[in-house]
Every structure is written in structure tokens, then in C-alpha cells.
Amino acid sequence: RRELCDRYVYPSFPFGVPDKDRNLPLSKYLAEKAPIQGQVRITLNPDVFLRATYARMFTYSADPTYHEKRPTFIKGLVGLLEPILGDEAVREKAARGIFG
């Protein structure tokens with residue numbers, strides 16, 4: 001949902017330096033500019049990222065080696081997190097710990 005970008009995402013240069021030229025708001029930039037260029041930083045808000053209807057992540061890297069190896073990295077990361085994220089009771093306990 002692009003309207004959430006304006007609250008939780010900002011355009012940036014490498015290392016998180018804000019990119020003032022793309023600070024339109026970001027949702028407007030994403031809707032109007034083609035092709036989309038540059039980096040963004042996402043501020044982590046657990047309330048947003050734990051809601052499947054709010055958060056989806058699409059990634060791409062201009063570095064072909066990094067981009068090619070990313071699926072293997074993600075698969076390994078998901079495997080490490082599966083004991084936590086794969087069990088509904090554990091997810092609910094984690095959410096209660098975060099949100100009370």
C-alpha cells in the first residue's frame with residue numbers, strides 16, 4: 001500500500017543519507033516516475049510489518065552477483081526463522097510481547 005510509504009519509508013543514497021530530490025512524498029514519486037531509481041530506507045514498525053495486508057517486500061540489486069545469490073540467502077533466513085514464524089502460537093506470543 002503506497003500510502004504507507006510516506007509514513008515509514010524515505011528515499012536515500014547509500015548508507016541511509018536522505019535523498020531530498022526524491023522526497024515528494026515518496027508515494028507520488030513511486031506512482032509517477034519511471035523508471036524508479038535509487039535506494040530507500042524502511043523504518044521498522046512491528047505493528048505494520050506483522051500485518052500481511054500492509055507489508056510486502058520486493059527487492060532488486062543492480063549488482064548481478066548479489067541479485068543472483070539473494071534467493072539462496074532469503075531461503076536460508078526463512079529456514080532460520082521458521083521455528084519462530086512458522087508456529088502461530090509463537091507468533092501470537094511474540095506479538096503480545098511487542099504490543100502488550
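Is F15 buried or exposed? F15 is exposed, with a relative accessible area of 83%. Here exposed means over 50%, buried means under 20%, and partly exposed lies in between (1.4 Å probe, protein chains only).

## About the model

This is a predicted model, in which local features need pLDDT of at least 70, side-chain atom pairs count only at pLDDT 80 or more, and totals for chains, interfaces and linings use all residues. Residues are numbered from 1 along each chain as its sequence is written, and side-chain values use heavy atoms, with hydrogens and water left out.

F15 sits in the loop between strand 1 and helix 2. Helices (H or I, at least four residues) and strands (E, at least two) are DSSP runs, numbered from the N terminus. The phi of F15 is positive, about 70°, although F15 is not a glycine. Most residues other than glycine have a negative phi.

D19 belongs to the loop between strand 1 (9-12) and helix 2 (26-32). D19 counts as buried because its relative accessible area is 8%. Leaving out residues up to four places away in sequence, D19 touches P11, S12 and F13. Contact here means heavy atoms within 4.5 Å. A polar atom of the D19 side chain also lies 3.1 Å from the backbone nitrogen of D21. A polar contact is a pair of N or O atoms within 3.5 Å; within protein, one must be able to donate a hydrogen and the other to accept it, and residues adjacent in sequence count only if both atoms are side-chain atoms.

## A nonpolar patch

Which residues form the nonpolar patch on the surface? They are F73, I74, L77, V78, L80, L81, I84, L85 and V90. Together they have about 780 Å² of accessible area. Such areas come from the Shrake-Rupley method with a 1.4 Å probe, and for residues only the protein chains shown count as cover. Like charges are joined within 9 Å, and nonpolar side chains (Val, Leu, Ile, Met, Phe, Trp, Tyr) within 5 Å.

Helix 4 (residues 64-85) gives the most to this patch, with eight residues. I84 lies in helix 4. I84 counts as partly exposed because its relative accessibility is 43%. K75 is also found in helix 4. K75 counts as exposed, at 68% relative accessibility. The C-alpha atoms of K75 and E88 are separated by 20 Å, and the two residues are 13 apart along the chain.

## Helix 5 and its ends

Helix 5 has 12 residues. From first C-alpha to last it reaches 16 Å, close to the 16 Å expected at 1.5 Å a residue. The expected span is 1.5 Å times one less than the number of residues. At the start of helix 5, a side-chain oxygen of D87 comes within 2.9 Å of the backbone nitrogen of A89.

A89 is in helix 5 (residues 88-99). A89 is exposed, with a relative accessible area of 51%. A89 and L24 are 65 residues apart in sequence and 41 Å apart in space, C-alpha to C-alpha. G100 follows helix 5 and has a positive phi, near 80°. G100 is exposed, at 83% relative accessible area.

Terms used:
Patches are made of residues with over 30% relative accessible area and no salt bridge: like charges are joined within 9 Å, nonpolar side chains (Val, Leu, Ile, Met, Phe, Trp, Tyr) within 5 Å. A salt bridge is a side-chain nitrogen of Lys or Arg within 4 Å of a carboxyl oxygen of Asp or Glu.
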